[in-house]
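Colleague: I am new to reading protein models. Could you take me through this one, feature by feature?

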Amino acid sequence: MDFKNVEEQIIQKYKDDENLMIRLFVQWCVNHKLNPQALYQKAYPEQRENPALKEVMENDDGFEELHIDNETMLDVLQMFGNDDLAFVVADEIQNFKV
């Protein structure tokens with residue numbers, strides 16, 4: 001296996017993991033009756049619509065039964081460097097407790 005092939009596999013693995021993170025975020029939002037796009041926009045107001053988020057929302061293939069707990073959601077977002085989104089999610093979690 002050459003370096004280029006390994007590099008391509010690493011990039012594909014990251015993209016797959018990132019897609020899973022987005023799917024978990026969308027499902028967490030669905031679980032709490034929140035709009036994923038609105039939360040994302042709140043976290044990243046300078047960005048336009050996120051195409052990967054839009055694609056996951058349009059192609060939801062049945063995460064309906066899956067419950068993602070709040071701590072896991074925060075951990076996953078932070079693991080991918082989505083700290084701004086994690087702060088917005090944490091604010092929403094605080095609103096649940098009020």
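This is a predicted model: local features need pLDDT of at least 70, side-chain atom pairs count only at pLDDT 80 or more; totals for chains, interfaces and linings use all residues.

Colleague: How should I think about directions along a helix?

Modeller: An α-helix has 3.6 residues a turn, so residues three or four places apart point the same way.

Colleague: How many residues does α1 have, and how far does α1 reach?

Modeller: α1 has 29 residues. From its first C-alpha to its last, α1 reaches 42 Å, close to the 42 Å expected at 1.5 Å a residue. Just after α1 comes K33, with a positive phi of about 55°.

Colleague: Now a single residue. Is R23 buried, partly exposed or exposed?

Modeller: Use the cut-offs. Buried means under 20% relative accessible area, and exposed means over 50%. R23, in helix α1, has 24%, so R23 is partly exposed.

Colleague: How far is R23 from E55?

Modeller: Their C-alpha atoms are separated by 9.8 Å. Along the chain, R23 and E55 are 32 residues apart. Both also belong to the lining of the largest pocket.

Colleague: Which residues lie nearest the centre of that pocket?

Modeller: N19, R23, A52, E55 and V56 do, in a lining of 11 residues. The elements that give two or more residues to this lining are α1 (3–31) and α3 (51–58). α1 provides the largest share, 5 residues.

Colleague: How much space lies in the largest pocket, and how does its lining divide by residue type?

Modeller: About 180 Å³ of space lies there. The lining has 3 nonpolar, 2 polar and 6 charged residues.

Colleague: Let us finish with a loop. Where is N50?

Modeller: N50 sits in the loop between α2 (36–43) and α3.

Colleague: Why is N50 called buried?

Modeller: Its relative accessible area is 15%. The cut-off for buried is under 20%, so N50 qualifies.

Colleague: What does N50 touch, and what does its side chain reach?

Modeller: Leave out residues up to four places away in sequence, and N50 touches Q37 and Y40. The N50 side chain also reaches the backbone nitrogen of L53, at 2.9 Å.

Key:
Residues are numbered from 1 along each chain as its sequence is written. Side-chain values use heavy atoms; hydrogens and water are left out. On a 1 Å grid over the protein atoms alone, a cavity is a set of points where a 1.4 Å probe fits but cannot get out, and a pocket is an open set with protein on both sides within 12 Å along at least five of seven lines; lining residues have an atom within 4 Å of a point. Grid points are joined across faces, edges and corners, and a volume is the space filled by probe spheres set on the points. Helices (H or I, at least four residues) and strands (E, at least two) are DSSP runs, numbered from the N terminus. Ala, Val, Leu, Ile, Met, Phe, Trp, Tyr, Cys and Pro count as nonpolar, Asp, Glu, Lys and Arg as charged, and the others, Gly among them, as polar. Buried means under 20% relative accessible area, exposed over 50%, partly exposed in between (1.4 Å probe, protein chains only). A polar contact is a pair of N or O atoms within 3.5 Å; within protein, one must be able to donate a hydrogen and the other to accept it, and residues adjacent in sequence count only if both atoms are side-chain atoms. Contact means heavy atoms within 4.5 Å. The expected span of a helix is 1.5 Å times one less than its number of residues.
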